[in-house]
Amino acid sequence: MENIGEQVVCLMAYHLLFAMFVWSYWKTIFTLPMNPSKEFHLSYAEKELLEREPRGEAHQEVLRRAAKELPIYTRTMSGAIRYCDRCQLIKPDRCHHCSVCDKCILKMDHHCPWVNNCVGFSNYKFFLLFLAYSLLYCLFIAATDLQYFIKFWTNGLPDTQAKFHIMFLFFAAAMFSVSLSSLFGYHCWLVSKNKSTLEAFRSPVFRHGTDKNGFNLGFSKNMRQVFGDEKKYWLLPIFSSLGDGCSFPTCLVNQDPEQPAIPAGLNSTKK
């Protein structure tokens with residue numbers, strides 16, 4: 001590049017994308033996954049009672065009593081309380097046990113070997129931004145290298161060893177762009193439907209039955225569940241997701257018989 005203004009713009013854009021890519025990647029790796037709070041752990045007396053009871057209805061009755069005051073809507077495929085024998089706790093909605101981390105992860109999406117961490121409630125926003133900025137980074141490199149890549153095939157470059165580096169750089173950036181675009185597009189679809197990767201493969205089971213759209217609140221509210229209400233933080237790898245990771249608003253089709261009825265005169269805004 002011979003134009004000074006073009007050089008400045010490209011250098012600023014490159015380093016901005018690179019900085020955001022590294023920042024979001026760092027946050028994805030080093031943000032610890034959140035685990036269920038103490039209220040979901042069984043007490044010592046409940047654990048002893050559970051050990052004495054055989055698997056079956058009596059076993060479930062103990063778990064039902066323990067989960068009576070907990071904000072839990074989902075169940076197992078058989079309709080039982082979701083309980084983790086390994087962690088000895090009642091699983092909150094959208095919580096799953098990770099065999100790699102050996103612990104229950106709130107709103108677990110998947111365990112990612114590329115970041116050596118579990119992607120869940122605490123770092124899902126960072127993971128999305130990592131995919132977005134890495135995709136933009138690769139597209140920027142491929143776009144700025146394209147004209148020199150064309151010159152390589154038309155013999156418009158000086159006959160030096162550097163021209164092979166240009167060819168390798170373009171192919172590497174283009175291939176990563178293709179793979180990242182498919183992965184980022186898939187997770188954008190998950191966010192728009194308020195689903196995790198696990199829920200996309202196996203729909204959550206509620207008390208009234210399986211409902212693949214049980215957590216779908218509409219596109220706008222689904223986006224805010226992950227990115228928060230403050231739009232100024234959406235593009236920054238700063239935690240702004242809504243909720244505590246243990247309970248989530250649902251879009252239940254049928255009235256839950258185990259939930260207390262709402263008085264007719266209750267003000268919806270106050271609620």
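Mentor: On a 1 Å grid over the protein atoms alone, a cavity is a set of points where a 1.4 Å probe fits but cannot get out, with lining residues having an atom within 4 Å of a point. This is a predicted model, in which local features need pLDDT of at least 70 and side-chain atom pairs count only at pLDDT 80 or more, while totals for chains, interfaces and linings use all residues. Residues are numbered from 1 along each chain as its sequence is written, and side-chain values use heavy atoms, without hydrogens and water.

Trainee: What volume does the largest cavity have?

Mentor: The volume is about 60 Å³, where a volume is the space filled by probe spheres set on grid points joined across faces, edges and corners. Residues lining the largest cavity include Lys107, Tyr124 and Asn222, and the structure holds four cavities of 30 Å³ or more.

Trainee: Which residues make up domain 1 and domain 2?

Mentor: The domain assignment, automatic or from a database, gives 4-33 + 118-233 as domain 1 and 38-91 as domain 2.

Trainee: How much area do domain 1 and domain 2 bury between them?

Mentor: They bury about 570 Å², 58% of it on carbon and sulfur atoms; buried area is the accessible area (1.4 Å probe) that two parts lose on being put together, summed over both. In domain 1, Val205, Phe206 and Arg207 lose the most area to domain 2, together 82% of what that side buries.

Terms used:
1 Å grid on protein atoms, 1.4 Å probe; cavity = no way out; pocket = protein on both sides within 12 Å on 5 of 7 lines; lining within 4 Å.
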